[in-house]
Amino acid sequence: MNLYSIIEEIEKVDPEFQDRVNPRRAAIKNITSFGSKVAVAAMPFVFSTLFKKAYGQTAPVSVADVLNYALKLEYLEAAFYNQGATSSLGFSSSERSYVNTIRGHENAHVTFLRNTLGSAAVAQSTQGTAGVYDFTAGGTFPTVFTSVDTFFAVAQALEDTGVRAYKGQAPNLMKDAVALTAALNIHSVEARHAAAVRQIRRTRGASGTKPWITGANDTGISAVNANYAGEDNVMQGPVTITSLAGVGGNISTNAATASFDEPLTMAQVLPLVTPFGVK
Amino acid sequence: METESLLEKQDAGIGRRSFLRYAGAGLAGVGILAVGACTKDDPNEGINTNRGGIDLGAKGDFAILNYAYALEQLEAAFYTQVVATMYTGATSDEIALLTDIRDHELAHREFFKAALGSKAIQALTPDFGAVNFSNRASVLATAQAFEDLGVSAYNGAGFQIQDATYLTIAGKIVSVEARHAAYIRNLVNPGSFADSTILDGFGMDKVNTIPGVLATANTFLKTKVNAYDYGYTA
């Protein structure tokens, strides 16, 4: 373990790292002299102390961390559609076609992220139980692969949550234009998927479900309330959307919430996907 | 009506610390400040009359936000016309959802207008002469083109946004445009919500550049939009 190469890596992510630690770099000097006397095993502790000093709490999220987080979500989605497509679920021919299209994209996203991360990519086998997920989410969706309606309800929650998860990471990727653009290009495809799955559900009888998210949880399934928390926001930056002019009055609350999809942080998303086995 | 924007509040001389508290944006506010700090308090900023037509102005967040504002103006005008003169044979479901889309585009347009305040480019005059509003195929083909164009435009410009708050807001809008695109595409051709004409081999949306997007958008505008500092004049 080379301390200087680690600091160089950190500086690629945060050029002001050394200044954050100490304007005169005394902390770095201290830690190097200290480092020569301590076992390598103690280093993570040293670094966590250093990061707390630099940032007040924890390290900024690295690009690789963001991409691995995305990869874990894509592993989950790919496995979900792979299992759904090969299950005995009684899809109509158009439903099957939609599922196969989405399945292809999710597997392609996995390939893209794995290619991009190279040896830093998290292995799929680390997820679930030896790579196998529990798509009932601990029994919440017991009929996920025996009821087409349940399958698409879970699909919708996964897609809408995926959109929110990617959106939440955009600011963390600002330092890397290539990674940001790639993430945005996946993000919008997840939104296309979400809209398509929502249309399927609308056609199957969930008449209140539109291709876009109206208010907070508009799925009719209370088990996914947390997946939609905050989607009913009407304040965008400094602007209250419902105070703006629409047709025949101000923009309605429904339109204000549906016209802007809201982000979720990593800390908000992880508890939503942990029951499936995401780690 | 003049809407005071966040940027103008800064120009008006609110101290840095209280501004940040007002914005509630922490570090994100720094980007807004940085933009505001190097911009003259000129109500015509963004409209460069020397270059002819309407120009997005000097490179920066104002230009990108005005770029989005131009596209949202075009979409809002289009769907306003669509809903006012609904095409022959529209189902009740189509009428309801196209009306929703109109309202979303109005919200986007009015959002940018309010956020930009005096930095906003002028209202654009559309030219929908090529669209037959009574014909379903003509309307939906145009709608699809606009929605896919919008997705590729936001995705292509995201990396140029310096302020994290506005990058996130662009992200909030682009996914809704993608939802619209998917819906319209499935109306035109069921199952085409994310097909290979718009996606690459990795299942990712293809981006478009500012010159590429404006060249298409300008075919639907009487008043042409230029982006001189981004290498494009109509």
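**Entry 1. Conventions**

I take helices (H or I, at least four residues) and strands (E, at least two) as DSSP runs, numbered from the N terminus. With that convention I place A:Phe80 in helix H5 (residues 63–85) of chain A. I note that this is a predicted model, in which local features need pLDDT of at least 70, side-chain atom pairs count only at pLDDT 80 or more, and totals for chains, interfaces and linings use all residues. Residues are numbered from 1 along each chain as its sequence is written, while chains are lettered from A and ligands numbered from 1 in the order in which they are written.

**Entry 2. Two residues of chain A**

A:Phe80 counts as buried because it has 23 C-beta neighbours inside 10 Å. For contacts I require the C-beta atoms of two residues, placed from the backbone, to lie within 7 Å. Not counting residues up to four places away in sequence, A:Phe80 touches A:Phe135 and A:Leu158. A:Thr126 lies 46 residues from A:Phe80 in sequence and 16 Å from it in space, C-alpha to C-alpha.

I then turned to A:Ala153, which is found in helix H7 (residues 148–169) of chain A. A:Ala153 has 24 other C-beta atoms within 10 Å and is therefore buried. Its contacts, not counting residues up to four places away in sequence, are with A:Thr219 and A:Ile221. A:Phe141 is 12 residues from A:Ala153 along the chain, and their C-alpha atoms are separated by 9.3 Å.

**Entry 3. Chain B**

I record 8 helices and 2 strands in chain B, in the sequence pattern α-α-α-β-α-α-α-α-α-β. Of its 234 residues, 50% are buried. Among contacts in chain B between residues at least 6 apart in sequence, 69% join residues at least 24 apart.

I checked the pLDDT, the predictor's confidence in each residue from 0 to 100. Its mean over chain B is 84, with 78% of the residues at 70 or more. Residues 1–46 of chain B have pLDDT below 50, yet this stretch has 64 contacts in the model beyond near neighbours in sequence.

**Entry 4. H4 and H5 of chain B**

I examined helix H4 (residues 61–84) of chain B against H5(B): the axes come within 8 Å and cross at roughly 150°. Axes here are lines fitted to C-alpha atoms, for helices over the stretch in contact, and angles run from 0 to 180 degrees between N-to-C directions. Among the residues that meet are B:Leu65 and B:Tyr69 in H4(B), and B:Leu98 and B:Phe112 in H5(B).

**Entry 5. Core and interface**

I define a nonpolar core as a set of buried Ala, Val, Leu, Ile, Met, Phe, Trp, Tyr and Cys residues joined through C-beta atoms within 7 Å. The largest one has 133 residues, and those with the most contacts inside it are A:Ala183, B:Tyr67, B:Leu74 and B:Ala217. H4(B) supplies the largest share of this core, 15 residues. Leaving aside neighbours within four places in sequence, I find B:Ala217 in contact with B:Ala70, B:Leu71, B:Leu74, B:Leu149 and B:Val225.

Between the chains, 44 residues of chain B are in contact with 54 residues of chain A. On the chain B side, helices H5 (92–116), H6 (136–157) and H7 (164–188) each supply at least two residues, and H7(B) gives the most, with 18 residues. For the complex, I note that the predictor gives an ipTM of 0.82 and a pTM of 0.82.

Key:
A residue is buried if 20 or more other C-beta atoms lie within 10 Å of its own, exposed if 12 or fewer, and partly exposed in between; C-beta atoms are placed from the backbone.
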